[in-house]
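Reader: I've got a model open and I'd like to learn how to read it. Can you walk me through a few features?

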Amino acid sequence: PNSNQSIVILESKVGYLEGLYKVYFTYSALDEAVKLTSKYIHDRYLPKKAIEVLEAVAVKASKTKQDKVITREQVALHLSEVTGIPLTRVGANEGRELLTLEKKIHEHMIDQVEAVDMVAASLRRARAQLTEGKRPIASFLFLGPTGVGKTELAKSVAKVYFGDEKYMIRLDMSEYQTQDTIAKMIGDSGNKGYLTEAVRQAPFSILLLDEFEKAHPEILNLFLQVMDDGRLTDGQGHTIDFTNCILIATSNAGAIYIQDQVKKGAPIEQIKDVLINEHLNKIMRPELINRFDGVIVFKPLSQENVVEIARLLLKKIENNLKNKGIRMRVEEAGIALIAELGFDPKFGARPLRRLLQDRIENVVANKILSGEVRRRDTIVITAEAQVEVEAAPKI
């Protein structure tokens, strides 16, 4: 049945639920159940899936002291809890947070302003329900050298907008270079696919496709379909909905060209045009490139950027120690030295994490385990980037 027929069927069925659970359904609740299940639940059919949702809401209402009149908002709230997709109206607090998304994302990553602005704007459009609803929330192609923040931006959005990094589905596309890996991605008659099953279980998520250009052309064609229709049929014939995903593909294509042109002071827009017309067209079909909502060039990091990244990473260590009752103080000269030692123009900020792990975290861990550091003590990172301990005054 279509939507109108389904509502008529629901009207004939809900009297039984109302009598059983001592509740009352408004017409708008029936309308919302049909509308939202049509859009967000694809493994069952109307009217059954709408009736199941209404019964679940009725059960919940009957067990609480809340109003027994079931409204559109209660149906939307239940589906939000089931799917993890925010379907209720944007509240005042959430509205303020959405308007300051860029600021919140920059608390987790440095620079790359254009990329952050484009991603934040797409999230606001999606939450205000201004998107088409037949394609992913947004799809971006991030271009740039290694270690400049392409993956970090995806992680930051998962943390800030979705609430947790667990809402990020990550695929290394270099593992899908042959045609027979299609079955690994979407499954076959005997097995579920990694991608399709992950999106089925977490439809509201960031889909990060690392080294996108390395995938087999047939696999790239699958994503052409995803960006066109917002859906993909898995190997077992089930339709998987991608309309609540943000798709981010990353590529190192043209990385050396980007570095050279940025050094020469070329405008980013000019660099992007040459990348698309002379570099990407050799490894991806033009229609695939054109399906992305934005192709974003990430600039190589400057030494100043790396200092700020070092500061962010040290702040994370400080917060972890604070949870153990241990303070931490870092001298400015120490941050500058760590940034200098951990920066490699070829690999961006990647070596910085390893340096902090070897030089700071491992040393601190050993001091904690040996009893050299106790609660209320202060870890000091000196100007020479060495770890020292200041004992807390005795109580």
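**A residue, a sheet and some rings**

Author: Let's begin with Ala29, which lies in helix α2 (residues 27–40); helices here are DSSP runs of H or I with at least four residues, strands are E runs of at least two, and both are numbered from the N terminus. This is a predicted model, where local features need pLDDT of at least 70 and side-chain atom pairs count only at pLDDT 80 or more, while totals for chains, interfaces and linings use all residues. Residues are numbered from 1 along each chain as its sequence is written, and side-chain values use heavy atoms, with hydrogens and water left out.

Reader: Is Ala29 buried or exposed?

Author: Buried means under 20% relative accessible area, exposed over 50%, and partly exposed in between (1.4 Å probe, protein chains only). Ala29 has 0% relative accessibility, so Ala29 counts as buried.

Reader: Which residues does Ala29 touch?

Author: Contact means heavy atoms within 4.5 Å. Leaving aside residues up to four places away in sequence, Ala29 touches Leu54, Ile70, Thr71, Arg72 and Val75. Its C-alpha atom is also 7.8 Å from that of Gln74, 45 residues apart along the chain.

Reader: What about the sheet: what is the strand order?

Author: Strands of a sheet pair through backbone hydrogen bonds, either parallel or antiparallel. Two strands count as paired if DSSP finds at least two bridges between them. Here five strands make an open sheet with parallel pairing, in the order β4-β5-β8-β3-β9. At the edges are β4 (168–172) and β9 (294–297), each pairing on one side only.

Reader: How many bridges join β3 to β9?

Author: Four, and the two strands run parallel; β3 covers residues 138–143. Phe140 stands opposite Gly294 in β9.

Reader: How do I read aromatic pairs?

Author: Rings of Phe, Tyr and Trp (its six-membered ring) pair if their centres lie within 6.5 Å; planes under 30 degrees apart count as stacked, over 60 as edge-to-face and the rest as tilted. A search of the whole structure finds four such pairs. Phe140 and Phe142 have ring centres 6.2 Å apart and planes at 25°, so that pair is stacked. Phe140 is buried at 2% relative accessible area, and Phe142 is buried at 0%. Phe212 and Phe223 form an edge-to-face pair, 5.9 Å centre to centre with 75° between the planes.

Reader: Where do Phe212 and Phe223 lie?

Author: Phe212 is in the loop between β5 and α11 (217–229) and Phe223 is in helix α11, so the pair ties together parts eleven residues apart in sequence. Phe212 and Phe223 are both buried.
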